[in-house]
Amino acid sequence: MDQGSSCGSNSNCKSWIMYGLVTGAAIAAAAIGAAFSIRGSGKFRSRVIGIIPARYASSRLEGKPLVHILGKPMIQRTWERAKLASTLDHVVVATDDEKIAECCRGFGADVIMTSESCRNGTERCNEALEKLGKKYDIIVNIQGDEPLIEPKIIDGIVKALQGAPDAVFSTAVTSLKPEDSTDPNRVKCIVDNHGYAIYFSRGLIPFNKSGKVNPNFPYLLHLGIQSYDSKFLKIYSELAPTPLQLEEDLEQLKVLENGYKMKVIKVDHDDHGVDTPEDVGKLEALLRERNLV
């Protein structure tokens, strides 16, 4: 059979090609519409819990969760902020330390005791979820050393994960201050054009060939908050540590190294995590300035 008999004419060939493209687009649109319909009904990843993992031992500041910030333990301030998030059905503290547990129960928090063998906050969240015995779709890992975390940021990463069925993880970034560009305690992030994470590093990324900070480049600072699909959280804890995760000491890199997608939102937020004793004084001054004592 020759080319002419298979299509009849070039015009007919073009017609069939166009029909195929239009039909394919219609099918794709219908599939996307169905997905948004499911999310819009409130049934997609709708049950959400916030977990604040806390441990007493810390390489930079021992007993950090119990450090007092203007009369209140830091973890209490974090818990109070998390409770204001509208997307969270429940907030708990997960810890392996009885001193932290006693403190948290004292100000009214629910506490889940976890093992000392947890290697990071993500594993602690997974163990806490298993011990809770209740079904949740999304788990938000709220860093205990972020006493000024904005409830709207918590809500933002939850909604981002609810709106991205191809992602298993979501987090937030903000603009990096020039003075933080070489600080290894300030984790940097790069994101693709569709809002998915490419990489995280303690070093400056991207790093240009001049070896200097480019004052015109919008560098991004990773904020210490992240959420996971509950099914993926169980998988994460079973994955072996990865080379980049170990080298950078950043647990989110294990997600990327295993080929999973991570949604990232950009927010306007001054990072005020506490990593050193000097950070405590800076935070207290800021609280006084904002009248949040």
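**Chatting through a predicted fold**

User: Hi! Quick one to start: is Tyr 219 buried or exposed?

Analyst: Tyr 219 is buried, because its relative accessible area is 7%. Buried means under 20% relative accessible area, exposed means over 50%, and partly exposed is in between, using a 1.4 Å probe and protein chains only. Keep in mind that this is a predicted model, where local features need pLDDT of at least 70 and side-chain atom pairs need 80 or more, while totals for chains, interfaces and linings use all residues. Residues are numbered from 1 along each chain as its sequence is written, and side-chain values use heavy atoms, leaving out hydrogens and water.

User: Okay! How many aromatic pairs are there?

Analyst: Five aromatic pairs are counted. In one of them, Phe 217 and Tyr 219 sit 4.9 Å apart, centre to centre, with 55° between the planes, which makes the pair tilted. The rule is that Phe, Tyr or Trp rings (for Trp, the six-membered one) pair if their centres lie within 6.5 Å; planes under 30 degrees apart are stacked, over 60 edge-to-face, and the rest tilted. Phe 217 is partly exposed, since its relative accessibility is 36%.

User: Which residues form an aromatic cluster?

Analyst: Phe 232, Tyr 236 and Tyr 260 form one. Tyr 236 also has Lys 254 over its face, at 4.0 Å from the ring centre. Elsewhere, the charged end of Lys 261 sits over the ring of Tyr 196, 3.9 Å from its centre. That label needs NZ of Lys or CZ of Arg within 6 Å of the ring centre and within 35 degrees of the ring normal.

User: Let's zoom out. How many helices and strands are there?

Analyst: Ten helices and eleven strands. They are DSSP runs numbered from the N terminus: helices are H or I with at least four residues, strands are E with at least two. The chain has 293 residues, and 48% of them are buried.

User: Which residues touch the most others in the largest nonpolar core?

Analyst: That core has 34 residues, and Val 140, Ile 154 and Ile 225 touch the most other members. The elements giving two or more residues include strand E1 (48–54), helix H6 (151–162) and strand E10 (220–229). H6 gives the most, with six residues. There is also a second, separate core of 31 residues, with Phe 169, Val 187, Tyr 199 and Leu 250 among them. A nonpolar core here is a set of buried Ala, Val, Leu, Ile, Met, Phe, Trp, Tyr and Cys residues joined through side-chain atoms within 4.5 Å.

User: New topic: where is Thr 87?

Analyst: Thr 87 is in the loop between H3 and E4, and it is buried, with a relative accessible area of 14%.

User: And what does Thr 87 touch?

Analyst: Leaving out residues up to four places away in sequence, Thr 87 touches Val 48, Ile 154, Asp 155, Val 158 and Lys 159. Touching, or contact, means heavy atoms within 4.5 Å. The side chains of Thr 87 and Asp 155 are also joined by a polar contact of 2.7 Å. For that, a pair of N or O atoms must be within 3.5 Å; within protein, one must be able to donate a hydrogen and the other to accept it, and sequence neighbours count only if both atoms are side-chain atoms.

User: Last one! Which peptide bond is cis, with omega near -5°?

Analyst: The one from Ile 205 to Pro 206. Pro 206 is in the loop between strand E9 (197–201) and E10.
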